[in-house]
Amino acid sequence: MEFNFSVNALFKEKLVKVKNNLLPENHLPDRRGDGDVVAKISTVLDKMGVVSAKAQGLPVAITSAAKLRNTDHVVYILTDPEGNKGHGTVVGILKVGRKKLFVYDLSGSQWEMDPLCVLDFYVHESKQRSGNGRALFEYMLKDQQANPHHLALDQPSEIFLSFMCKHYGLDSIIPQTNSFVVYDSFFDGRSDKARGSSGFSSNSKTSRNPVQSVKAMSRSGEMTPMPTYGRHSAKKAGSVMAEYMQDQYKGAQNGSRQGSHATNHQSTPAKTSSSDSPASEETNGQEPQSQIRPSSLPQKLNGPSSISPVADVSPINQGDLPDGAGDGPNGVTPEEVPGKLDLKFHHTHLW
């Protein structure tokens with residue numbers, strides 16, 4: 001990515017480590033020039049964080065100058081000194097840091113740990129598949145003195161998982177209840193874990209928490225289920241309003257079907273008189289649509305917002321009105337008019 005300032009003048013080396021002071025690791029302190037360096041590095045982090053989130057399909061940027069200032073995380077920046085006509089360009093970023101996690105192992109036991117986590121990893125699309133990502137990742141591993149299988153990946157994309165499988169042979173994932181991804185060799189040779197709650201018996205020789213293969217999930221031409229790791233593992237909260245609208249839609253569909261069935265039934269010649277039609281409808285176990293009351297409508301939410309008009313309500317025939325009707329306007333009582341809601345049926349705790 002190009003910027004309106006010289007990247008080579010800002011970063012003296014091709015691979016740079018930036019901490020929460022927003023200064024390069026080998027930067028010489030200068031009271032007059034530090035402010036300008038901090039401002040330019042903030043611009044680099046903010047813009048690279050936005051394009052990284054866009055490439056990964058994330059709604060919010062993970063990397064920014066403001067977020068880095070308030071943490072002890074580290075961002076590694078890879079540059080191309082020959083880009084932008086010799087002024088230099090930024091190729092990629094890699095953000096890591098330690099977080100307190102509760103991780104499940106293969107037996108289903110939970111461990112409390114503070115592992116090194118990969119929080120953001122992005123290489124510009126024009127520089128991918130050229131070894132830049134591998135060089136950036138290897139620089140981070142050497143600086144942090146970490147092993148690839150001991151890392152926890154935060155919301156990794158499918159491209160990142162394929163990268164780890166291709167270069168480091170990490171394929172088997174242990175499903176977790178959070179958005180982090182750990183591999184089956186994550187607990188090998190570790191001394192920084194503390195026993196947490198145990199979900200299953202540790203005496204069992206069989207694996208209670210089966211691993212998932214990245215190759216099996218990304219194999220082309222096969223119908224595979226939605227993976228339960230990384231960004232797909234977090235449970236999505238249900239929408240009460242969506243469920244209510246779905247119920248209303250189903251109720252409207254059922255009403256229209258009953259109305260069409262009644263129309264077809266009336267079109268068939270019948271020997272009974274018109275005075276016997278209400279009795280025949282009652283024998284079918286269905287209330288006539290013209291006498292549906294608002295109180296019989298399904299209500300899932302309390303409050304005035306749950307009042308909705310009734311779909312497909314047929315008009316009332318004067319001949320079908322019961323005896324004594326006509327006290328209201330136009331000879332119809334208000335409570336017998338379908339499609340009009342009487343507020344006495346919709347009391348809530350707010351009234």
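**View 1. The second largest pocket holds about 640 Å³ of space.** This is a predicted model: local features need pLDDT of at least 70, side-chain atom pairs count only at pLDDT 80 or more, and totals for chains, interfaces and linings use all residues. Residues are numbered from 1 along each chain as its sequence is written, and side-chain values use heavy atoms, leaving out hydrogens and water. A pocket is an open set of points on a 1 Å grid over the protein atoms alone, where a 1.4 Å probe fits, with protein on both sides within 12 Å along at least five of seven lines; lining residues have an atom within 4 Å of a point. Volume is the space filled by probe spheres set on the points. The lining has 26 residues; Phe121, Gln128, Ile159, Phe160 and Phe163 lie nearest the pocket centre. Helix 2 (34-56), strand 6 (116-123), helix 4 and helix 5 each supply at least two lining residues.

**View 2. Helix 4 (residues 132-144) crosses helix 5 (residues 158-168) at roughly 75°.** Their axes, lines fitted to C-alpha atoms over the stretch in contact, come within 12 Å. The two helices are therefore roughly perpendicular (65 to 115 degrees). Gly133, Arg134, Phe137, Glu138 and Leu141 of helix 4 meet Phe160, Phe163, Met164, His167 and Tyr168 of helix 5 (contact: heavy atoms within 4.5 Å).

View 3. Helices (H or I, at least four residues) and strands (E, at least two) are DSSP runs, numbered from the N terminus.

Terms used: Axes fitted to C-alpha atoms, helices over the stretch in contact; angles between N-to-C directions. Parallel < 35°, antiparallel > 145°, perpendicular 65-115°, else oblique.
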